[in-house]
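Subject: A structure for you to look at

Hello,

Here is the structure I promised to pass on. Please have a look at it first, and then read my notes below.

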Amino acid sequence: SSIHSIVSQMNLPLLFLLFFYPTVQSLNILVYSLAIAYSHLDFSSTLIRKLEARGHTVDLIIARLSNALPNNGTHNARTVLNVGFRNNGSDWTSMPHITRPFTQLPGDDFYAATLALDYFKYTDKLCDYVLNDTAIA
């Protein structure tokens, strides 16, 4: 018969994979978004929507460097957990690169290095908040 000839021409492991292996595997994915500005939430939202469109389940942790961000983005994550600095947030939003962005001269290496060190200081502290948050279990 024609089926017998097709089967005899195919490699048996390949036939096994075609018929018995699931064709779609959905994953549970955790996205950690360091929300420095709204554009970071926008990027994360796009990523989450694309993952969900492919059948994955996505949970989101938003680590907020600033409490001034207006929302959680536009996505359909199963769970959204916001973690950030207590009370009024960090001093990140009161730093010169935010409050006076045009007063620093381009190419000022000392300013760039200082800004990087401040960034690492705040994100390190924020990481501790995330790791010690009891809502993450």
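The side chains of S33 and S44 make a polar contact at 2.9 Å (a pair of N or O atoms within 3.5 Å, where one must be able to donate a hydrogen and the other to accept it; residues adjacent in sequence count only if both atoms are side-chain atoms). This is a predicted model, in which local features need pLDDT of at least 70 and side-chain atom pairs count only at pLDDT 80 or more, while totals for chains, interfaces and linings use all residues. Residues are numbered from 1 along each chain as its sequence is written, and side-chain values use heavy atoms, with hydrogens and water left out.

S33 sits in strand β1 and is buried, with a relative accessible area of 3% (buried means under 20%, exposed over 50%, partly exposed in between, with a 1.4 Å probe and protein chains only). Beyond its neighbours within four places in sequence, S33 is in contact with H40, L41, S44, L60, I61, I62 and A63 (contact means heavy atoms within 4.5 Å).

Now for the wider picture. The chain has 5 helices and 3 strands, taken as DSSP runs numbered from the N terminus (helices are H or I, at least four residues; strands are E, at least two). From the N terminus on, their order is α-α-β-α-β-β-α-α. Of the 137 residues, 28% count as buried.

The 3 strands form an open, parallel sheet in the order β1-β2-β3 (two strands pair if DSSP finds at least two bridges between them). β1 and β3 (79-84) are at the edges with a single partner strand each, so one side of each has no neighbour in the sheet. From one strand to the next, the twist averages 15°. Between β1 (residues 28-35) and β2 (residues 57-64) there are 8 bridges, and I29 stands opposite V58 in β2. β2 and β3 are joined by 6 bridges; there, R64 has G84 as its bridge partner.

Two helices lie across these strands. Helix α3 (residues 38-53) makes a right-handed β-α-β unit with β1 and β2 (with the strands pointing away from the viewer, the path from the first strand over the helix to the second runs clockwise). α3 lies across β1 and β2, at about 170° to β1. Helix α5 (residues 109-132) lies across β1, β2 and β3, at about 125° to β3. Axes here are lines fitted to C-alpha atoms, for helices over the stretch in contact, and angles run from 0 to 180 degrees between N-to-C directions.

Best wishes
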